[in-house]
Each structure stands twice: as C-alpha cells, then as structure tokens.
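Please look over the sequence and the structure before reading on.

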Amino acid sequence: MKLSGPARKHNAPAMQEGPSQPGQPSQLSLQRSRRTLLAASLMLLLVAGLFMVCPLRSLWERAPVMQHADHTCSDPCRIVLVESIPEGMVYEDNGTVNPSTFEAWRSLIGAAKSRVDMASFYWTLTNNDTRTQEATAAQGEEILAELRQLPQRGVSVRVAVSSPSAEQPWDDLQALEESGASVRQVDMRRLTRGVLHTKFWIVDETHVYLGSANMDWRSLTQVKELGAAVYNCSCLAKDLGKMFEAYWVLGVPDASIPSPWPANYSTPYNKETPLEVQLNGTDARVYLSSAPPALCAAGRTEDLQALLSVIDAASEFVHIAVMSYLPTMEFSHPRRYWPTVDDHLRKAAYERHVRVRLLVGCWPHSKAAMFPFLRSLAAMSDNETHYAVEVRLFTVPVTEAQAKIPYARVNHNKYMVTDKAAYIGTSNWSGDYFVRTAGSALVVNQSDAKPQGEATVQAQLQAVFQRDWSSKYSRDIRTVGQWETLCRPHEAAAR
C-alpha cells in the first residue's frame, strides 16, 4: 500500500523527533500518519476476511425481525385441538370428539396463499415408503399430492428435516423438490448428537400446526396423535417462524450453531412474559418453547424449563399423556440416570399434595427399562401416605393384519394439562429429547379467564385426557402382571 509523504531512501538516517519547519509536518507526524493508515487498512482487511470465512452470518441476519411495543396481540386467533384416532379404535358414544389431523392439514394447505414452512423428523406419506398395501395410506398420499401442487399455485414450500438415516426413505422429499419445494437437511447428529424431532407447520405467517404427528401416513390413520391448529394468529406464527429460520440456516452444509444467536432470532415471549392474546374469544397467555438449549435464542424458554414450570405451578392436578417416559438419558452409552422431570412430579405430589396422573403408551417397541420407573412412581400412592400418584398404560387395539404395519398402533401423544396450563409438545419424556434433540411446545394459560362461549384450551385438553384415562384402552399399572402380555399381545400369544 502506498503511503503519503516523502519516501524513505535506502540507508537514510532514522527519523528523529524534533520541531518541523514552518508549514510542513514533522517527521514524527508523518510516521504517526503512516501507522494510522496502516492500522486502518489492516482493520478493513480483517473485516473483509470475516465476511469471507463466515458466510452464515449474512444468512443469520436475514431472519425476520419483529418489533413489539408490548406483549399483546390483537389478532382474532382461533385454536382447535386436532387428533388422529387409529382405525378400529372406538370410544363410548359420549366420548370427546375433535377434528382430525388430516382435516387440519388439508385446511392449512387449502388456505395457503404465499408460503408454507414445515419442520419435521422424517417423511413416509405413501405405501411405497413403508412397503405396504394399506388402504388407510390414502390420506397421507393425498396430503403429499396436495403439497406438491402448492408451487404450481405460486406458494413457496420450505421443508427443514432431520438428516435421514440409512433406513429412512427420501422419495417423498425428492418428489417435493421436483415439484419446486426447497428442502434442507439439518444434521442434528453432528450439531448436538440428536435429531430434528420437531413437528410443526407455518402457513403464510398466519396459521400454525404443532403436535405429535409426523409426516407419515400412519400418523393420520394408524397412530393416535394430538396437536393444535391455530388460525389467524400472525403474532404466534411469526414467533414460531423464528424457530423455523434457525432450523433453516442450520440446514446449510457445514453449518454451526451460533453462540449467542443473532438478535434477529430473539423473542419477547416466554414463560416470564408470555404473549397476551385472545384464543377463541377468551383471554390467554401463550408462549412457545424450544429444545435443545443450544437452539434457544435470547428470550426463548427452553422446553425443559417450560415443562418443569408447568408442573411446578400446578396446585391441584397434573395430567400427562406421553408415548414414552424414562428418567434416563435414553440413548446414551454408557447409561445415565436423568431424574429431572421425575423429581418434580414426586415433589409436586409430596410437598403440595398435587394429584398426578401419568398415561403412558404401551406397544411392542416400549423400552423394558421404562416399567420399573413407572411402578416406582405408582408406588408413592398407598393407604398410608395418601399421595395421589397414578400410572396407567394405554394400548391401541390391534388386529393381526394391523400388527403387520411397522411402527403403528400406539398412543403417540405428548401433552400435559394442569389446573393452570396446557402444554402441547413434540418430545417424548426422557433426557435426550430435552438436552440434545430439537423439539418444541405450545404453552397456554387461561386459568384466570372467563370463557366466552367455547371451553378453554385447558378444559378441552382435560376432556381428552379424561376420555382416554377412563376408557377400556387404559390399565392401571398395578394390575398388570408382565408388561409384555399387555404391550406385546401377539408376541405373547405366539410363545
């Protein structure tokens, strides 16, 4: 770089400090000018280099920025609990009935005008994916066909999906890409030693689905699922959009998790300062949580902290429905005990006399290690202690033909309802899902509100829980002998 001032000749004497001639800079001033210009040039080169070696920074900063004057939302938000009830599973005539997951997904696709963003674990929406010839796969195949039509309608489709393992098919996602959709694989195994287990949709930054259902035809007709569809609620949808953008940027090859996350991903809505909004005309306090902690930008409540805070705030009851419950790091080697959630449930029962009910999925893939822990929880309740802790196993009925469908016929729910809040999540309840795996949850509190017409979300979720708890598909774990007899009936019969 050429600096101003007289050139220094070879063998010229070093500059000496001293007074300058009138009207001319001193040798010392020239030296300082050169140093200043050199430092500025080096700084410019350093900044340019940072942009060259950190291309993700520009991607991070393109995430949407939301400005909020307060924590209130004037959108006319409507929330609907949606379920998948497996084929052949019948409740009593007075049982609670909710719209189906299939109906909710179709309505979201039909409403899409500009963009659909989807975060998912895997995709198996057709018979070809599962190598089956099931008529009940038709609903999943219809969903895939309608999603493939969206780009032709001018609707942008983006899918963030967990990097597939060798046994997971890619055909559905390839078909989506061929139709014009954009798909990114998020390598959570490399990033956090987990998977992208989240299951949510965002439509036009206005409508949302979040729940237990995977992008799988079995999740519509052969697996029991529960989720929430929220319509006309841009405040919530845009906040969920920030979580999607985090997945999306991590889907870039060789991406790394920023620490801290740029401000664009932060949120003002959390368990301390929830979004104040009306759901179905009734006041509600709402926020979204995320796991694992490494994916939480400033202001975002970690999913484990959301779950624990809901338990800790309960004063009357805690009702939980989940496929898998293990106070361990389920996938760790060597094995690790992880009693965090278990401790909070026991504390609630012991210190505050809260009634705890736990409804756990029972199927051939249930982990044997789970049952001693469940029996231990149930053992808290006896005639002497009067602690109100109950555990039941929930089985989905299965015929010989249905038993041949892989990974089906299970209660896949992942929710909790208390006298204070409703928690609808995407994670099973063991340590890995909160420490390493990407998941999310919707937390709704309407405990102080006066319902305007429709029941509160808590009341609706409690009705679902009570229906299942009291149904013929539920068995008290204390009355069950060998768990395999209940959870693996066809294997037991074959012995």
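## Disulfides

A disulfide is taken here as a pair of cysteine sulfur atoms within 2.5 Å. The model is predicted, so local features need pLDDT of at least 70 and side-chain atom pairs count only at pLDDT 80 or more, while totals for chains, interfaces and linings use all residues. Residues are numbered from 1 along each chain as its sequence is written, and side-chain values use heavy atoms, with hydrogens and water left out.

Cys77 and Cys233 form another disulfide, their sulfur atoms 2.1 Å apart, which is right-handed at 75 degrees about the S-S bond. Cys77 lies in the loop between H2 and S1 and Cys233 in the loop between strand S9 (225–231) and H9, so this pair ties together parts that are 156 residues apart in sequence.

In the disulfide of Cys362 and Cys487 the sulfur atoms are 1.7 Å apart, and the torsion about the S-S bond is about -105 degrees, so the link is left-handed. Cys362 belongs to the loop between strand S16 (355–361) and helix H12 (370–378), and Cys487 to helix H15 (residues 483–487), 125 residues apart. Buried means under 20% relative accessible area, exposed over 50% and partly exposed in between (1.4 Å probe, protein chains only); Cys73 and Cys235 are buried, Cys77 and Cys233 are buried, and Cys362 and Cys487 are buried.

## The chain as a whole

The protein chain has 16 helices and 21 strands, and of its 495 residues 54% count as buried. Among contacts (heavy atoms within 4.5 Å) between residues at least 6 apart in sequence, 78% join residues at least 24 apart.

## The largest pocket

A pocket is an open set of points on a 1 Å grid over the protein atoms alone, with protein on both sides within 12 Å along at least five of seven lines, whereas a cavity is a set where a 1.4 Å probe fits but cannot get out; lining residues have an atom within 4 Å of a point. The largest pocket holds about 1,300 Å³ of space. Of its 42 lining residues, the closest to its centre are Phe121, Tyr122, Gln168, Trp363 and Tyr407. H4 gives the most to this lining, with three residues.

## Cavities

The whole structure contains six cavities of 30 Å³ or more, and the largest cavity has a volume of about 60 Å³. Helix H9 (residues 234–250) gives the most to the lining of the largest cavity, with four residues. Cys296 is among the residues that line the largest cavity, and it counts as buried at 15% relative accessibility.

The second largest cavity contains about 50 Å³ of space. Strand S2 (115–120) and strand S6 (200–203) each supply at least two residues of its lining, with S2 giving the most, three residues.

Key
Points joined across faces, edges and corners; volume = space filled by probe spheres on them.
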